Amino acid sequence: MARKTKEEAQETRNRILDAAEEVFQRKGVSNTSLMQIASAAGVTRGAIYWHFKNKADLFDAMIERLIAPWEAMAAELELLRADEPLDWARSVAMYVLERLTHDHHYQRVLEIAWHKCEYVGEMAEIRNKHLECGHRYIGMMEGALRKAQGLGQLPGHVDPHQAAVGVLALMDGLIVNWTLEPKLFPLQDYAGPIIDCYLKGLAAEG
């Protein structure tokens, strides 16, 4: 019975998160109330407070549900980073971009995060957590590129930290522009060649 109750609680939590995505996308985060999310989820406002402290906590959980699988995937590829660091860098970048084109939840959450949320007031702390995630990503990517340099796969003049920032900036640019207007370019077709062009450019002798 306890197991069933735990599963039901998780199901309710996921239903609330799904509803939050839908309402945040339609109305924007600042214009959305917890009552509106509760209504969309088919639960009471009290049920939301059972799972989340406030709207910022709910928003944070929505983002975490998106980030956690990516970080798990990056960790699973740790051996690849040691042996083929440039392949690791490509795989990590492409995971995000490919999932964005195929996963509606992923697309919706990134659209909300980039275009429909003001990171002020109670949301300011969430912005800091997102920055921490970005710093972790840069650190992981820098480590891979530094490893590639040690293996002779990148020339000595390449600054691994600078190159890692470039990968993040390239990905962010693709995500921001495509979520703003998917018809602007076919991300599914462009992502691989663009990432490959950047990484090959790093590997080229200057």
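**Salt bridges in a predicted model**

Arginine 26 and glutamate 22 form a salt bridge, with their closest N and O atoms 3.6 Å apart. This is a predicted model. The structure holds 8 salt bridges.

**Within helix H1**
- Arginine 26 and glutamate 22 are 4 residues apart in helix H1, so about one helical turn separates them.
- Arginine 26 is exposed, at a relative accessible area of 55%.
- Glutamate 22 is partly exposed, and its relative accessible area is 37%.

- Aspartate 18 pairs with arginine 65 in a salt bridge, and their closest N and O atoms are 2.8 Å apart.
- Aspartate 18 is partly exposed, with 28% relative accessible area.
- Arginine 65 also counts as partly exposed, at 27% relative accessibility.

**Within helix H8**
- Glutamate 142 and arginine 146 meet through their side chains in a salt bridge, at 2.6 Å from N to O.
- Both residues belong to helix H8 (residues 124-150), where they are 4 residues apart, or about one turn of the helix.
- Glutamate 142 is buried because its relative accessible area is 18%, under the 20% cut-off.
- Arginine 146 is partly exposed, with a relative accessible area of 43%.

Conventions. Residues are numbered from 1 along each chain as its sequence is written. This is a predicted model: local features need pLDDT of at least 70, side-chain atom pairs count only at pLDDT 80 or more; totals for chains, interfaces and linings use all residues. Side-chain values use heavy atoms; hydrogens and water are left out. A salt bridge is a side-chain nitrogen of Lys or Arg within 4 Å of a carboxyl oxygen of Asp or Glu. Buried means under 20% relative accessible area, exposed over 50%, partly exposed in between (1.4 Å probe, protein chains only). Helices (H or I, at least four residues) and strands (E, at least two) are DSSP runs, numbered from the N terminus.
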